[in-house]
Amino acid sequence: MSSKETEGLLAGSVEQAYLENRSAGGKRRTEALGALQAMYVFQFCGSLAYGMWAVISPYFLEARGYSTVGAANMYTMAWVAYNVGQIIMSPIAGDIADGHGRRPVFLASAFVVTIFFLTFVYPASWWWITGSFFQGAADVSWGLANAVVVDCVGQGVVPGGAEDWAPIRAFRAVATGLRHDTLDDNVRQELAVAMESVWILGGAGALVGSALAYPVWTYFNDGAAMAFPGVFYATLLWFAYEKFPETRPDQAAAQRLDSPAAVGAAIRDGIASQAEAIPLVLRDRRAAWLVGSYFTLYVVMTGLLNIGIYWGQATFGWGIESGTVFTCLSIAAPFVGAVAASAALFPSSLRYARSVALLLALSIVGSLAVGFLDDSAAALTLVPLATVGWGVFPTLTALLTPEASGDQQGHLQGALWATTNVGGLVGLGLYLLVYNATAGAAPPTGSAVWLLSAGGMAIAALCALAAGEPEQEAFSLVKFVRSGRVSVPDANI
């Protein structure tokens, strides 16, 4: 990208907006705080529904006559279809939200997701794949949630600020360590904590949903249990309608989506704008390396989180209790990694790139250990070590965010989320292929999914080191191997 194009991209950036508005007040700030708090609830509860659905689904399919391997393939193909829908629609929906406001796009998304959740009580393979595609196309909540968070930070409203809810303020104090009242003027630190806050709330929701799946399945069983996430999501739709304010009111008022013709025109414009998506995401060499780390890590996260239960079933005969424990540990451990990174590692001389690599290195060791154990309890005990490095994911999102303007954040976050879903698609296909070839075998063959995870995280770590820090010379593998370290400037970043 030329310097002129870069200047155009960075004009009116979130970083500039944050520095200008962080001490401002007024109605816009109050509305931004309300949107941020509504997003907390939506991300927690929406992820709760998905976490419950993810744990119940394999057992529902087996109850309807699928074998364990057949259920694994059906479940994985449904997620593949879901990811394809997300890849296609997330950038388009993000661009529409930039031009027409976040609220109408968000509510339309939640409504369609609710409908499709309720239809999965019909277990036909063709419907699970078709319905999952359309649900994925409609579910743009994560990309829009990130855009809303960036809108709020750009208006000077940060998660855990003085006016926020007490639990979020407490989390900010923990996540930033001794710096919670004295973060420097660089918006990257604020965005890292902001993305981490919403990501952890979403993960906590998935954790609670995974834990609730067992009693829901035990009490309701079969179709009623499968419909439960959809019923829960319907209440969440009502909440969003009542409580979620618009964070881009000028655009929403100027270009209302109040007719089929207006919606059609917005979709056509959104499709046409996708030629700008790749330059927006891969805007310079450092961004390209960060995207490489971001993408590869999501390959591992999606593949292992979805296939791990089936690996445990084939290797140790896990039931729903052990499957629930595996899912909960895989979701909870990255929280610890994320908080440790923002509170202790990022402020240290390690800064961002080497902190990311360090946490991923811990998970490489954990993955290798889990894969070669022959005891179920011991394997579950080491799952947190194998997944703690996943906690760097929101930081990678934050590092890719501040240079773009507020007018492009919906498109940028949608494009980034589409990138993760390409990674998710690759992960699901790759891990399913490896699982089908090695299920039930003794190590090292039976360890293949964990070896694959270790290799993927090694690539993600090297990409992060190659990206380096802002205004730092790009990482040199030869220099790294010879010196054993990468120099990092003392300047705040």
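**Cavities**

I began with the second largest cavity, which has a volume of about 80 Å³. A cavity here is a set of points on a 1 Å grid over the protein atoms alone where a 1.4 Å probe fits but cannot get out, and lining residues have an atom within 4 Å of a point. Grid points are joined across faces, edges and corners, and the volume is the space filled by probe spheres set on the points.

I noted that this is a predicted model, in which local features need pLDDT of at least 70 and side-chain atom pairs count only at pLDDT 80 or more, while totals for chains, interfaces and linings use all residues. Residues are numbered from 1 along each chain as its sequence is written, and side-chain values use heavy atoms, with hydrogens and water left out.

I then listed residues that line the second largest cavity, among them Trp142, Asn146, Trp199, Phe393 and Trp417.

I next looked up the largest cavity, which has a volume of about 870 Å³ and is lined by 39 residues, with Trp79, Trp142, Ala206, Tyr298 and Leu305 nearest its centre. In total I counted 9 cavities of 30 Å³ or more.

**Cysteines**

I searched the whole structure for disulfides (pairs of cysteine sulfur atoms within 2.5 Å) and found 0. I recorded Cys152 as buried because its relative accessibility is 0%, and Cys463 also counts as buried, at 10%. Buried means under 20% relative accessible area, exposed over 50% and partly exposed in between, with a 1.4 Å probe and protein chains only.

Terms used
1 Å grid on protein atoms, 1.4 Å probe; cavity = no way out; pocket = protein on both sides within 12 Å on 5 of 7 lines; lining within 4 Å.
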